[in-house]
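Me: I have a structure to go through with you. Let's take it in short questions and answers.

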Amino acid sequence: MGWACRRHKDLRDMPGVTRLSQRPFLRSGYTSPVPRRSLEELSSDECFALLGQETVGRLVYVDDLGPAAVPVNYALAGQGIVFRSEEGSKISALREHDVAFEVDRIDEASHSGWSVLVRGTSEEVEFEHLHELLSRVTGYVPLPWKKGIHKIWVVITAKTVTGRRLADF
């Protein structure tokens, strides 16, 4: 008997575990309440529509210590992802490598949600081009939550955009 079977062998003895359907759970005659859902692939347009609904995402980059993911608040400028930062290791790393940007919304109560992953390049916006960038921003202008002078504006340009939604079928 494998480890998983031994671990779940005594499910029938656990409080609240009942026979849920005719499908056996690890041949014990008990089942797990498995939702009937699938992952739905999202189009690029659907991904950007979802990105436009949120204000905080995770910037993924590689620095001297390896991969890192940090939350940043952002806005969209067309299909560019715009955020502000202070000078530091994050900005130094962005100058050297491609980046990823991830946004999701999870509803723990219904066990549903979606996720969008953008992979691309980042570019610092020069001060003389800031007005043009701000004219393309839809919604609010990103205001960092952390204290400090966040004078570096960064735009992520997508190379690939993928998204998935957990959907009932």
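Me: What share of the contacts with a separation of 6 or more comes from residues 24 or more positions apart?

Reply: A contact means heavy atoms within 4.5 Å. Take the contacts in the protein with a separation of 6 or more; the share from residues 24 or more positions apart is 65%.

Me: What should I know about the model before going on?

Reply: This is a predicted model, where local features need pLDDT of at least 70, side-chain atom pairs count only at pLDDT 80 or more, and totals for chains, interfaces and linings use all residues. Residues are numbered from 1 along each chain as its sequence is written, and side-chain values use heavy atoms, with hydrogens and water left out.

Me: How many helices and strands are there in the protein?

Reply: Helices (H or I, at least four residues) and strands (E, at least two) are DSSP runs, numbered from the N terminus. Along the sequence they follow the pattern α-β-α-β-β-β-β-α-β-β-α-β-β. That gives four helices and nine strands.

Me: Which residues touch the most other members of the largest nonpolar core?

Reply: A nonpolar core is a set of buried Ala, Val, Leu, Ile, Met, Phe, Trp, Tyr and Cys residues joined through side-chain atoms within 4.5 Å. Buried means under 20% relative accessible area, with exposed over 50% and partly exposed in between (1.4 Å probe, protein chains only). Among the 26 residues of the largest core, the top ones are Leu 51, Leu 59 and Phe 101.

Me: Which residues does a second, separate core include?

Reply: This core has eight residues. Among them are Ala 75, Leu 130, Leu 133 and Val 155.

Me: Which residues does Thr 138 touch, not counting those up to four places away in sequence?

Reply: Thr 138 is in strand E8 (residues 137-138). The residues touched are Ala 75 and Leu 76.

Me: Which element gives the largest share of the lining of the largest pocket?

Reply: On a 1 Å grid over the protein atoms alone, a pocket is an open set of points where a 1.4 Å probe fits, with protein on both sides within 12 Å along at least five of seven lines; lining residues have an atom within 4 Å of a point. The largest pocket has a volume of about 320 Å³, the space filled by probe spheres set on the points. E3, E5 and H3 each give two or more residues to its lining. The largest share, four residues, comes from E3.
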